[in-house]
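Me: I would like to learn how to read a few features of a structure. Please take them one at a time, starting with a strand.

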Amino acid sequence: MSKHTGSNSRVMTRREFLARSAIATIPLVASSARAGQAPTPAAIRRGGMLVGGINWTYPTMDPHISTMAGLPAYDGMFDALVRFELADAKTGQHRIVGRLAESWEQPDARTYIFKLKRGVKFHDGSDFDAEVARWNMLRMRDHPKSARKNYLASVESVEARDRSTLVIRHKVARTSFLPVLAYHFAGRTHMISKAAMDKLGEEGFARNPVGSGPFKFKQWITDDRIILERNPDYHEAGADGKPLPYLDGVAWRYIPDPTVSLVDMRAGSLQVLEWVPTKDVASIKADPNLATYDMPWAGQVYFQAGFNMDAPPFNNVLVRRAAVHGIDREGMAKALGFGIAVPHYYPKFMSGALGYDESLPKNEYDPGKVKALLKEAGYPDGVSIELKVIAREPENTIGEFVQQMWTNVGIKTKLVSMERLSWIDAMRAKNFQACFWRGTPGGAVVDPDIQKARVICGGEFNWAQWCDPEIDRLMEEGGKTLDTKKRHETYREVLRLIQERAYLGTGILVPLVTAYRREVQGLRVDFWVPDVRAAWLRA
Amino acid sequence: MPQASMSVRVMPGRRFRSGRFPAFFFRLIRIRGSLFGVAVLTLVLLLAATANVISPYDPNKTIGSIMQTPGTQHWLGTDHLGRDELSRLLYGARVAVLAGAVSVGLAVLLGVIIGLMAGYWGGWVDDVLMRIVDALWAFPTLVLALAIAASLGPGLSNAMVAIGIVFTPAFARLVRAQALSVREREFASAARALGAGPLRMMLCHIWPNVLGPIIVQASLMIPQAIIVEASLSFLGLGIEPPNPSWGSMLRQAYQYIERAAWLSLFPGGAIFVTVLGLNLLGDGLRVALDVRLRQRGVS
Amino acid sequence: MARYLVRRLLYFVPVIFLVTVVVFLITMMLPGDPALAFLGEANIHDKVAYEAMRKELGLDRPLPVQYVIWLGRALQGDLGRSVRTHEAVLDALLARLPVTIELAAVALLIALAIAIPVGIISATRPNTKVDSVATVMAVSGVALPEFFVGILLIYLFAVGLKLLPPSGYTPLSVGIWPNLKSIILPALSLGLALNAVTMRQVRASLLEVLQEEYVTVARAKGLPEGEVIRLHALKNAMIPVITVIGLQIGRLFGGTVVIETIFAYPGMGRLAADSIFFRDFPVLQGAVLVMALAVLACNLLTDLLYAYVDPRIRYA
């Protein structure tokens, strides 16, 4: 079929669907982000320790098992076959670029052949070759505790044809495999050293990881910080011709309280902050010492609402549609968005994704319609429901807003704020009426097939456990179809069904913002995960 | 969690007869600080009782735009969701009273029962009960409160039960100590010789002696209950949103401390004044009830 | 004295057992299935993996059996592994304990440094304005929730004065000064609370002692006031103060959760709280056990110190 080298990609063809992009209104990458420009060798200053801040804690250093795949330290220690590179900051277009894979081709609908980079060594000296890559992919697919095995479930066989050729065959035609391999929250397979795993065992490796990345593991103080040091033999070179990284090391600190992490940024004891809370974006931008990297394509949806379809009142589609029409997105943006949020109408999809079509019904805020629908459903005096949410910020504040919002239009809402595991349990046991969480539709922009686990019957990330066999069939088909136009039609149908049957509600889209101090140069972002391999500290 | 010492020595057989209360009261408020404490207590009780009458708005409803500075329409401004801060503060007083009274009330109830049984019967009853009490006492306080609240589920009532259980050991020990000391006294054996049963012993002899220290301890632990509820809110338990408690208001407000400092100032100030007042009141009660100190003319 | 010590130790042993039983009861009561929690979202439909997880967690056995197994291992020093991070529980505890101990020690020093002088001043000038101010200042230490005190201190010292780092623990191995800088603010938050109780106790017991006859005699003999306080009054006044401090220090081990969360401190409090939220029961058991031991050890030390200082008990 077609042969792709490292810097070409089919993702480009989606340009046409971004014409009416809503993200144009969000201020994009600040002028201070020189991420795209190549630095002059003279300007680079080697050395120094970078301290970054994260707001969630790592459970393990084994990247296949870790449920927190998107945390920066993994990218520091491990490389994957492919990665994302921002092609157009204005539209959020990304292209897929090889890291450990130099090139790839797809001879037929089910087969992918990767040519691997030669001469890559792991931190323990062992070689990276197709055998090791094969072992990694199968481990990711088969390990009982693999966190994202469902993304590789379609892989039938992985073959190491020679030392640097990897052949992956799927059970059925698979179109979205490359984006899946690149996306952190999908099938991105961080390559780990088999020799190290053999030597240390599962539990040993989980605390002493060995990869091939720009940084070597130094120390992990659980729930406090992870310290990485420079890998002098890294296989990518910097602008000065010497191997990356420029830094001597990087420490990622876990700071539980976002307010305090902000203070740390200002005080300089943190130089990079992975995610800035929405309410603080404006004050960070106003600080002359700080800069931001805005990622509207990696936005977060405040208020991704789910309904229990097995019990009244939401087993009635009319009530669900009433609830969706009762979502006051403008009001939500004003109250919770702090100037950077936009209304979001299409659950699980985002502009830029295949299937996204703004001519589909938006289910806009319409109190009159809410009343009419409720009346038609047999609730002329309104309906009383419980809304279950995880007890943390900002979910609590969002919940308080929604509680009033719905109560004002006749859906009397009682907010039930539960601790995280109790909430997850309630979802699994279908012990709820309405619930919500913060969603990330960015996967749809990468490829809607990534959203599969969130929308199919029994999907692992389908929190509200709604089910529509029609949608399952369509998602299945979309994953197999090769023709982009046909795929767009298929996913568009999925979205149409979601809107018509009101399976999900959605509120506002808040772009992800990473902040960094101005002395940090060369910070890149791999879709939404900070990448410091080419970063250096200005004097 | 800091707690005051409990050494109060009271003469045996003292009771609070109606005629003595006004005298006691006037003695109390002459003690430095107690007047302030009594004033604060009265004010908080008053506000809590009349919150629904004097609140200008519904505390859980968004009335104005978010984070308005204090002004004519909203005397204390609005919070991060546009709700009237003053109304929320008033209803928060209710929660403060509830949280304090119910949790400490529960602790007193459980503590008295356990303490009386342990102190009066002694022997293996005492051993078993006190070891259980000590086990609870040795358990890290906030962790225990957290664990109980997490097990019971979200909400203020569950938080209050959790705090009550955590506070029980203090009262149990207090009551037990008094019960033991009374048991040893001569008049007790005399009473028993005259045929007084356990219930009569407990009610007529132990209880009056225990009442004073309990009141003092309770007045020092009620403000702590308010603080613990705030800590539980901070950790994701405590009162269920959107209902206001001073602790949860503070917990949400401190995130906006740069933009809207008054949002932290008002609930923080309320907590501060209430805790300060109740502590001073407790100190005063301790002195007022300690006959020995009074006899020496020290306060 | 030795008999006293042995008696106290024997008393504590069942209490420790009871603490572990209480933890087991708690783990029973906490809602949620820990096996599902640790499988991760991707595997919740995998029945085989679920059963394997249950077996790994030991959940396939009845609860009393689980307890006995855990107890047996614990007595041999094997506290198991964290289900979340696979770190040996003992290692996790040993990593955190020094942090919490240092925090408690510095907090105690701060509290004493304020409480004793202020308490003395207060007791020697009872019912004056100085006394009032001192008492109000002391009580203020417990008058605000700890997270708020922490935030205020951070804004004052890290943002306003730019003197100290806002959060994080710098171990002694990096350097004494950086370590101290990282510990002052959280220790101050804790110390202010500790000070509240301690100062009032110092004042109260010193007041009482100053009324004793032997003090009057000392004054009548013509001893200067400073010496009266130092040589006679203070020593006896310190007895109840020691008791109070001992009680508070023990409590400190469990009450640091909020401070550790605000200041991003890798201490025991956060470990215990996180283990509840993550249903990491081996860690919860281990952490609570250590903290309870710390409390009981402090109580014991206090009792011993008390017995040593108060001759009436020593010779009992």
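Me: How many residues of strand β17 of chain A are buried?

Reply: A residue is buried if 20 or more other C-beta atoms lie within 10 Å of its own, exposed if 12 or fewer, and partly exposed in between, with C-beta atoms placed from the backbone. Strands (E, at least two residues) and helices (H or I, at least four) are DSSP runs, numbered from the N terminus. In β17(A), residues 434-439, five of the six residues are buried, so the strand is mostly covered. This is a predicted model: local features need pLDDT of at least 70 and side-chain atom pairs count only at pLDDT 80 or more, while totals for chains, interfaces and linings use all residues. Residues are numbered from 1 along each chain as its sequence is written, and chains are lettered from A and ligands numbered from 1 in the order in which they are written.

Me: Which residue is the bridge partner of G306(A) in β17(A)?

Reply: Two strands pair if DSSP finds at least two bridges between them. The partner of G306(A) is C435(A). Strand β13 of chain A (residues 290-307) runs antiparallel to β17(A), and five bridges join them.

Me: Does β15 of chain A pair with β17(A) in the parallel or the antiparallel sense?

Reply: Parallel, over two bridges, with β15(A) spanning residues 383-390. Here L387(A) has A434(A) as its bridge partner in β17(A).

Me: Why is T506(A) classed as buried?

Reply: T506(A) is buried because 25 other C-beta atoms lie within 10 Å. T506(A) belongs to strand β18 of chain A, residues 504-517. Contact is judged by C-beta atoms, placed from the backbone, that lie within 7 Å of each other. Leaving out residues up to four places away in sequence, T506(A) touches several residues, among them V301(A), F303(A), H344(A) and P347(A).

Me: How many residues of chain B are in contact with chain A?

Reply: 17 residues of chain B contact 19 residues of chain A. For classes, Ala, Val, Leu, Ile, Met, Phe, Trp, Tyr, Cys and Pro count as nonpolar, Asp, Glu, Lys and Arg as charged, and the others, Gly among them, as polar. The side of chain B that touches chain A has eight nonpolar, six polar and three charged residues.

Me: Where do the domains of chain C lie in its sequence?

Reply: Domain bounds come from an automatic or database domain assignment. Chain C has domain 1 at 19-75 and domain 2 at 97-315. Nine residues of domain 1 of chain C contact seven of domain 2 of chain C. On that side of domain 1, α1(C) gives the most, with four residues.

How values were computed. Two residues are in contact if their C-beta atoms, placed from the backbone, lie within 7 Å.
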